[in-house]
Amino acid sequence: METGWYESVSLSDYFGVIARRKWIVLLVTVLMTVSAVAYSKNQTPKYQATAELLSPIPVSSSSKSGITWSVQNAPLAKTLKIANLVLNGKPEPLPKLPPDVIVNSPDFPARPAGGLDGQQLYNATGVVPNATSDGIDFTVSASDPVLAERLATAWAVTYGNYVTYQNIRQTAEKFISIDTQLHPAFYTVGATNPKLCTAGTSAGCLTQAQIDTINSQEAGPRNALLTAPRPPDVQAASNANQTQPQTTRNTILGLVLGLILGVILAFIQDLLDKRIRTADEVGRRLRVPLLASIPSPPRSLRDHPLVLLAPRGGAQGPSAEAYRIAKLNLGTVMRANRAKAVMFVAAADSEGTSRTVANMAVALARSGSHVVLVDANMRRPAIDRFYGLDDRTGLSDILSGHGDLADALTIVDVGGEQPDDVGTNGRAATGGLLEVLPAGPTPADAADLLESRAMSELLGELRGRADVVLIDAPPMLPVTDAMMLGSKVDGVIVVARARLASRPHMVAMARALDACAAPTLGFLFTGVSVSEENEYGGYVGVGGAGLSHTRTPQRERELL
């Protein structure tokens with residue numbers, strides 16, 4: 001069962017994901033920021049102003065329960081009725097009073113509000129008790145700062161006058177309840193006023209004493225109605241603040257949200273992308289050491305698969321140097337495992353196995369070793385093209401009994417000192433030597449030929465003939481050829497190409513290598529950029545203990 005690749009990762013791995021997906025992070029961040037700026041520019045400007053209505057009663061006269069006047073009245077101050085009163089200035093009329101009763105009530109002037117109706121003003125207004133004083137704050141939002149200040153102040157004044165007006169109404173109703181005893185006909189149709197009682201009358205009349213008492217009771221309400229009301233104590237609104245657009249805030253918010261969203265999308269895409277991009281991930285999957293990270297050759301050398309033999313200084317480039325490092329590390333693991341015949345294999349096709357093993361053969365030969373390079377990929381041979389060995393007798397001819405090894409092997413000039421003599425056993429007397437055994441004609445039964453006894457005898461003969469036998473094998477997963485060879489070689493080198501090898505392939509490759517008879521000596525990571533190659537350095541495990549951690553079916557895997 002495949003486990004997530006984020007297991008056993010460090011903080012640098014997460015930063016590596018962001019670095020690989022930096023264009024996603026950058027694009028999302030820019031889009032979110034630009035969208036925030038565009039949204040701000042398209043917003044209708046709004047301004048907010050606050051006016052305060054102070055309590056008309058002393059604090060000592062507040063409710064015995066401890067609830068202040070502002071807390072009691074704030075919910076009553078924001079109603080649609082008050083909003084309409086602010087705009088239209090038409091309070092409910094007072095009860096009918098006698099003509100001789102003069103009422104001084106506050107004014108409620110109409111205040112046009114730039115086309116706003118009562119519902120819109122209600123929605124644009126906030127009313128809350130003041131946090132530091134026994135007052136009520138009226139906050140109005142409008143498209144014009146002067147309008148916002150005017151409406152906030154008007155609402156505070158209107159509600160203050162409305163409270164006074166309601167008190168006048170209560171006083172008027174009290175006066176009417178008293179005056180009805182003297183003048184019921186004024187208030188009720190069909191009623192008659194009582195007469196002054198004289199001697200011998202009792203029903204429907206009032207004595208002078210009763211009349212004097214009623215007049216005395218009316219005096220208080222009558223005088224209260226006549227008294228001019230005290231204007232509300234209002235702190236007028238000023239210095240309206242702009243609440244939208246808040247371009248700076250929106251820009252910063254868009255930048256932060258864009259960055260967060262971009263990082264999330266980068267990790268999601270990285271999780272969905274099954275391609276492998278780093279050598280560390282291959283090492284974690286296969287639990288084998290990295291021999292070298294080999295960068296792709298420059299464009300000028302793309303037509304020269306053998307970079308160590310390429311013109312125009314190709315042999316001094318980063319790719320060539322990486323092959324030299326791989327040669328040193330390969331020699332180390334081969335000596336540690338006493339391996340002489342080594343198979344190079346990839347999980348799938350097109351990962352550059354043939355190109356890699358061909359260059360490794362040149363590097364080993366130029367260092368003084370006698371190398372035999374065998375193209376065992378008889379299904380899709382490539383070695384013959386690299387060395388210009390078309391139409392030569394090859395491996396398939398030998399294994400099928402139609403060719404001889406001496407006729408099939410071809411000595412290749414690797415640009416170094418060639419040996420003066422090749423002995424009867426094929427060994428060079430001095431210096432390095434590279435002999436290539438091409439694949440030959442494509443057979444119908446490639447897997448059977450590789451599993452045959454003839455293949456075992458051929459590898460035995462090549463071991464006695466050369467210092468190193470390198471075998472280019474078909475990919476491990478699609479066909480069984482590599483598994484057949486695994487029982488006949490001394491070790492396996494895995495080739496994985498950056499951005500082509502996949503996590504599912506590496507999981508399947510790990511299982512296949514566990515089932516392979518030969519130990520896995522290490523892996524080569526190809527197709528990296530020059531910057532990545534410098535990061536890994538290609539020196540992983542050179543002469544170090546990490547190179548001793550080879551894979552065997554019986555041995556428990558260890559992290560490098």
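These are my notebook entries on a predicted model of a protein.

**Conventions.** I number residues from 1 along each chain as its sequence is written, and I work with heavy atoms for side-chain values, leaving out hydrogens and water. Because the model is predicted, local features need pLDDT of at least 70 and side-chain atom pairs count only at pLDDT 80 or more, while totals for chains, interfaces and linings use all residues.

**Overall.** I looked up the secondary structure and found 20 helices and 15 strands (DSSP runs, H or I of at least four residues and E of at least two, numbered from the N terminus). Of the 560 residues, 47% count as buried (under 20% relative accessible area, 1.4 Å probe, protein chains only). For contacts (heavy atoms within 4.5 Å) between residues at least 6 apart in sequence, I noted that 80% join residues at least 24 apart.

**Cores.** I then turned to the nonpolar cores (sets of buried Ala, Val, Leu, Ile, Met, Phe, Trp, Tyr and Cys residues joined through side-chain atoms within 4.5 Å). The largest has 52 residues, of which L286, L395, L437, L458, M509 and F525 touch the most other members; helix α19 (residues 503-515) gives the most to this core, with five residues. A second, separate core of 42 residues includes L306, M360, V362 and L470. Leaving aside neighbours within four places in sequence, I listed the contacts of L395, among them V374, M378, L437, L450 and L458.

**Helix α6.** At the start of α6, I found a side-chain oxygen of D144 within 3.0 Å of the backbone nitrogen of V146.

How values were computed: Buried < 20%, exposed > 50% of the residue type's maximum accessible area, 1.4 Å probe, protein only. Polar contact = N/O pair within 3.5 Å; in protein donor to acceptor, adjacent residues only side chain to side chain.
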